[in-house]
Amino acid sequence: MSSGEHRELTNLEVALEVKSLRRIISAYLNYSDAAEEDVKRYERSFSKLPPSHKVLLSHLPSKFQRLRRCIAVNSFFIFSMLQAFEPPLDMSQHIDICEHGQVGELHNEHISGKRNASPAQAASTSGRACYSKADDEKYEAHNNLSCASPRGGFNNQEIPIISECVTRSTPISLDCTSLAESPNISGIPVVKNHAEVSSISDSNGNVSLCRHNWLDPSLQLNVPLVDVDKVRCIIRNIVRDWAQEGCREREQCYKPILEELDRLFPSRYTERPPCCLVPGAGLGRLALEISCLGFMSQGNEFSYYMMICSSFILNHAQMAGEWTIYPWIHSNCNSISDKDQLRHVSIPDIHPASAGITEGFSMCGGDFVEVYSDPSQKGAWDAVVTCFFLDTAHNIVEYIEIISNILRDGGVWINLGPLLYHFADAFGSEDEMSIELSLEDVKKVAFHYGFHLEREKTIETTYTTNPQSMMQNRYYAAFWTMIKR
C-alpha cells in the first residue's frame with residue numbers, strides 16, 4: 001500500500017484502536033491513585049513498628065505527606081498534558097464492542113497484521129526495562145501511519161511541530177511561527193483527581209465543560225498496575241531527554257552521534273538539507289538536536305505513551321523550566337537521603353521552539369517496519385540514526401534490511417546501543433518471534449545488506465538512571481558508523 005493509499009478501518013479495528021488508547025490514557029489518569037496506594041502502604045508498614053522504633057523514625061510521617069505533595073505536582077503535569085492532547089479517533093465510539101467481550105484474542109492482531117507485538121521492556125521502542133517482560137504491548141495502539149518521504153516534501157501547513165499519532169496521516173512538519181503561537185496552557189487549574197478533568201473553572205469560578213469529554217471518568221478503564229508503571233517510566237524518560245539532570249546521559253549517547261553527523265555532512269547548510277531518520281525517537285530530544293544541527297530530521301515512535309508526552313513538550317512549551325516533576329519518588333531503594341529522593345526537576349531545560357530547528361522537523365507515529373517498508377521510502381534518507389533501538393526488534397535482520405533499503409547509496413547509518421533483546425523473555429506466547437544475535441552476527445548481517453564499517457567503538461553509558469542513586473546500571477554500548485555502498 002503506497003503512502004497515498006489508505007485502507008478504511010473496520011469497526012472492529014477502530015474499536016481496538018479506541019480501547020488501546022483509552023487504556024493508555026487510563027494509565028496516565030490512574031497515576032495519582034496508584035501512587036497514593038503506595039504511600040498508604042508505607043504508612044501501614046510504619047504503623048506496625050514498635051513504639052521505640054517509631055520514635056527513631058519519627059520523621060517518616062512528615063516524609064509521607066511530602067510524597068503526597070510531590071505526587072500532586074506530577075499529577076498536575078500529567079493532567080495538563082492530557083488536556084492538550086487531541087485524540088486521533090472519536091473516543092466515545094464503539095465502546096460497546098470493546099466492553100462486551102467481542103474483541104477477544106484479536107486484540108494483538110489489529111491494524112498491524114504482520115506481527116503480534118508484545119513488548120518486552122518499555123513503553124517505547126527506544127526504552128530500557130521499566131516493567132516485566134511478560135507485559136504485552138498488544139494494549140498499545142498499533143498506528144500503521146503512512147509518512148511522506150522527505151523527497152516527496154512535507155506538509156507545510158501552519159500546525160505544531162509534532163504529529164499526535166494521527167492515524168494514517170502524513171507527518172506534521174515544522175513551522176516556526178506556529179510553534180511560537182501555540183496556545184498557552186499554563187493556566188490550566190490543578191485537579192485533585194481524574195473525576196474533575198471533565199470540567200474546569202475559568203478565572204471567575206464559572207464551571208464549563210472541557211472540550212476533551214473523552215477524559216470523562218465514566219469512559220476510563222480499570223488498568224493493571226503494570227500500565228501505571230509505564231507512566232512512571234515516562235517520567236524518568238523526561239529527565240533523560242528534557243531536564244538538565246539528563247545532560248550527562250545525553251552527553252554519553254547523543255553527543256557522539258551528533259559529532260559523527262557533523263563530520264560526515266560538512267556542507268549541510270544548503271537549500272536542501274540532508275534528511276535524517278531517527279527510529280525509536282522516544283520523547284524526541286535526539287531528533288530535535290539533529291534538526292538543530294541543520295538536518296531535515298524525522299523521529300519515528302511506536303508508543304502512544306511516548307507520543308502523547310513528546311507532543312506536549314514540543315508543541316506546548318512556552319519557556320524553559322515551565323513545569324516541575326518529581327521523578328524519583330516512586331522508589332525507596334538505594335536512596336542516599338530523603339532529600340535526594342524528593343528533589344524536583346524543572347522541564348524542559350530548553351524551549352524547543354527557540355532551539356534553532358531546521359524546517360521540516362517532524363515526528364511520525366507508527367511501527368518502524370510497517371511505516372518504512374513502504375515503497376515510497378526506498379532511498380529516501382541520507383542518514384539513519386538508531387540509538388537504543390536495534391534490540392527492540394522481533395527480527396533484527398528485518399530492521400537492518402529496511403535501514404539499508406531506505407538509505408540512498410552512500411547513505412550513513414549511525415548506531416549506539418546494547419543488545420538487550422526486548423522479546424528474549426517474552427512469556428505467554430509460544431509463537432512470539434525473537435531473533436537474538438551476537439554483535440558479531442549483527443555486523444555480518446549489515447555487511448550482507450551492503451554496509452561498510454567506517455568507525456566502531458564501545459561507549460559506557462547509563463539509561464534513565466537516577467544520578468544520585470546508590471545503584472547505577474551501566475551499558476557498554478556498541479557505537480558504529482556504517483556507509484551504504
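Visitor: At what angle do helix 1 and helix 10 pack, and how far apart are their axes?
Guide: This is a predicted model. In it, helix 1 (residues 11-29) and helix 10 (residues 304-316) pack at an angle of about 65°. Their axes are 10 Å apart.

Visitor: Is the crossing of helix 1 and helix 10 left-handed or right-handed?
Guide: Helix 1 passes helix 10 in a right-handed crossing.

Visitor: Which residues make the contact?
Guide: Helix 1 supplies Leu-21, Ile-24, Ala-27 and Tyr-28. Helix 10 supplies Tyr-304, Tyr-305, Ile-308 and Cys-309.

Visitor: How do helix 13 and helix 14 pack?
Guide: Helix 13 (residues 396-406) meets helix 14 (residues 439-448) at about 35°, with the axes 9 Å apart. Helix 13 passes helix 14 in a right-handed crossing. Ile-396, Val-397 and Ile-400 come from helix 13. Val-442, Val-445 and Ala-446 come from helix 14. That contact has six nonpolar residues, no polar and no charged.

Visitor: Why is Glu-289 called partly exposed?
Guide: Its relative accessible area is 22%. Buried needs under 20%, and exposed needs over 50%. Glu-289 lies in helix 9 (residues 285-292).

Visitor: What separates the C-alpha atoms of Glu-289 and Ile-357?
Guide: A distance of 7.7 Å, although the two residues are 68 residues apart along the chain.

Visitor: What makes the phi of Asn-334 worth a remark?
Guide: Phi is near 60°, a positive value in a residue other than glycine. Most residues other than glycine have a negative phi. Asn-334 sits in the loop between strand 5 (323-325) and helix 11 (338-341).

Visitor: Why is Thr-464 called buried?
Guide: Its relative accessibility is 14%. Buried means under 20%, therefore Thr-464 qualifies. Thr-464 also has a positive phi, about 50°, although it is not a glycine. Its place is in the loop between strand 10 (451-461) and strand 11 (475-484).

Visitor: How do you know that the peptide bond from Ile-347 to Pro-348 is cis?
Guide: Its omega is near -15°. Most peptide bonds are trans. Pro-348 lies in the loop between strand 6 (345-347) and strand 7 (362-365).

Visitor: What share of the protein counts as buried?
Guide: Of its 485 residues, 58% do. The protein exposes about 20,000 Å², and carbon and sulfur atoms supply 50% of that area. Its secondary structure comes to 14 helices and eleven strands.

Visitor: What share of the contacts join residues at least 24 apart?
Guide: The figure is 76%, among contacts between residues at least 6 apart in sequence.

Visitor: How confident is the predictor overall?
Guide: The average pLDDT is 79, and 71% of the residues score at least 70.

Visitor: Where does pLDDT stay under 50?
Guide: Residues 100-123 are one such stretch, with 90 contacts in the model beyond four places in sequence. Residues 129-146 are also below 50, with 98 contacts beyond near neighbours in sequence. Where pLDDT is low, predicted coordinates should not be read in detail.

Technical notes:
Residues are numbered from 1 along each chain as its sequence is written. This is a predicted model: local features need pLDDT of at least 70, side-chain atom pairs count only at pLDDT 80 or more; totals for chains, interfaces and linings use all residues. Side-chain values use heavy atoms; hydrogens and water are left out. Helices (H or I, at least four residues) and strands (E, at least two) are DSSP runs, numbered from the N terminus. Buried means under 20% relative accessible area, exposed over 50%, partly exposed in between (1.4 Å probe, protein chains only). Contact means heavy atoms within 4.5 Å. Accessible areas come from the Shrake-Rupley method with a 1.4 Å probe; for residues, only the protein chains shown count as cover. pLDDT is the predictor's confidence in each residue, from 0 to 100. Axes are lines fitted to C-alpha atoms, for helices over the stretch in contact, and angles run from 0 to 180 degrees between N-to-C directions. A crossing is left-handed if the near helix is turned anticlockwise from the far one by less than a right angle, and right-handed if clockwise. Ala, Val, Leu, Ile, Met, Phe, Trp, Tyr, Cys and Pro count as nonpolar, Asp, Glu, Lys and Arg as charged, and the others, Gly among them, as polar.
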